[in-house]
Amino acid sequence: MLEHVKVEDYLTVALKLRPSSFFTIPAELPKGQQMGAKIDELCAKEYQAVIHASQKEKFSAINKLREKIQNLFETIVVRSTEYQAHQNWSKKLHIRTLKAKVRPSVHEIYLFLDPKIEKKLKKLMELRSLEIKKSLASVSNIQNLGLIYAEPSSEFVMLLGELLGYPICCINKYVRERFRERKSPEIRASQQLKAQGKGKIRNFHAYFTRNFFPCESFCVNATNMGKHIHNLMNEINPRLGDVYFSCLKANATTVEQYPLLMKQFREKLENKTLKMG
Ligand SMILES: [Zn+2]
């Protein structure tokens, strides 16, 4: 298991510091990249069949590909010892989990204690499934199937942010920028850090968990959250405090480099699409 998943996801939920958290599989499993590559490799024939199918055969070719990915995901990812380790941790910490499919080869694992959270998460995931179906229906370029990420709605982002324990000031700013002003909150957050000078981030605590973009690099609510978690981890064990502080630093650095990381991610996807046909 990756350390940041243990500390940021499992422990913050087990210690009731956040209502829920999530990590992505296979990406956030040790050897996750190899698992993803293996699935792609074993599905190469089915990908090719989709690309070269006539209009009449497309639907059945896509279904075959989807089914193959799902089966491989089950054997390669879900039955891996790396994923079993997660199930052992949730059992030991009495954490409930919910597996949500983003795409056949990408699932998110939500962690929480309260069964009421499960209900809310299930509703949210249903909402997202509908959104994904709608966006897939509008994809004209068939080559993108299975590779695209559906754009979430503002309602989804808002509700999920609350369930993940993000401060309301940060959620509101993110949603306002992204959906009303059509600006990128990720680029804004990166610029806020870059403005502090290269390699001179001064407030790591605001980046209390990954995939989170605080409204300001010194947002009081986000900083307090990071400090509270950090203090508690330190009290339990100073080594745990150190691990969490490394996570904070890595999170802030990821936000700072976000535009570059997204560019690299897009290039990787494009190469993958090219390779497949
Ligand atoms: Zn904020």
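Asn-211 sits in the loop that links α9 and α10 (220-236), where helices (H or I, at least four residues) and strands (E, at least two) are DSSP runs numbered from the N terminus. Its phi is positive, at about 65°, although Asn-211 is not a glycine. With 13 other C-beta atoms within 10 Å, Asn-211 is partly exposed; a residue counts as buried if 20 or more other C-beta atoms lie within 10 Å of its own, as exposed if 12 or fewer do, and as partly exposed in between, with C-beta atoms placed from the backbone.

The structure is a predicted model, in which local features need a pLDDT of at least 70 and side-chain atom pairs count only at pLDDT 80 or more, while totals for chains, interfaces and linings use all residues. Residue numbers start from 1 along each chain as its sequence is written. The average pLDDT (the predictor's confidence in each residue, from 0 to 100) is 90 for the protein, and 93% of the residues score at least 70. Residues 141-147 have a pLDDT below 50, and this stretch makes 14 contacts in the model beyond near neighbours in sequence. Two residues are taken to be in contact if their C-beta atoms, placed from the backbone, lie within 7 Å.

Two further backbone sites deserve a look. Arg-182 also is not a glycine, yet its phi is positive, at about 55°. Arg-182 is placed in the loop between α8 (168-180) and α9 (185-194), and it counts as exposed, with 7 C-beta neighbours inside 10 Å. The peptide bond from Ile-25 to Pro-26 is cis, its omega being near 5°; Pro-26 belongs to the loop between β1 and α2. As background, most residues other than glycine have a negative phi, and most peptide bonds are trans.

The domain assignment divides the protein into domain 1 (1-149) and domain 2 (166-277), with bounds that come from an automatic or database domain assignment. The C-alpha centres of the two domains are 22 Å apart. Domain 1 brings 12 residues to the contact and domain 2 brings 16. On the side of domain 1 that touches domain 2, the elements giving two or more residues are α1 (3-14) and α3. The largest share of that side, five residues, is contributed by α1.

The largest nonpolar core has 50 residues, and those touching the most other members are Leu-111, Cys-170, Tyr-207, Phe-208, Leu-248, Ala-252 and Val-255. Such a core is a set of buried Ala, Val, Leu, Ile, Met, Phe, Trp, Tyr and Cys residues joined through C-beta atoms within 7 Å. Both domain 1 and domain 2 give residues to this core, so it lies between them. Phe-208 illustrates the packing: leaving aside neighbours within four places in sequence, its contacts are Ala-222, Met-225, Gly-226, Ile-229 and Leu-248.

Strands β2 (residues 96-103) and β3 (residues 106-112) pair in the antiparallel sense over seven bridges, two strands being paired if DSSP finds at least two bridges between them. Together β2 and β3 form a hairpin, with two residues between them. Arg-96 has Phe-112 of β3 as its bridge partner, and Arg-103 is partnered in β3 by Val-106. β3 also pairs with β1 in the antiparallel sense, over six bridges; here Ser-21 has Leu-111 of β3 as its bridge partner. Of the seven residues of β3, five are buried, so β3 is largely enclosed by the rest of the structure.

Helix α4 (residues 55-78) has 24 residues, which at 1.5 Å a residue should span 34 Å, and this agrees with the 34 Å between its end C-alpha atoms. The expected span is 1.5 Å times one less than the number of residues. The buried residues of α4 are Ala-61, Leu-65, Ile-69, Phe-73 and Val-77. These buried residues pack against β1 (20-25), α2 (32-42), α3 (44-52) and α5 (81-92).

Finally, Leu-261 lies in helix α12 (residues 258-276). Leu-261 has 15 other C-beta atoms within 10 Å and is therefore partly exposed. From Leu-261 to Asp-40 the separation is 221 residues in sequence and 22 Å in space, C-alpha to C-alpha.
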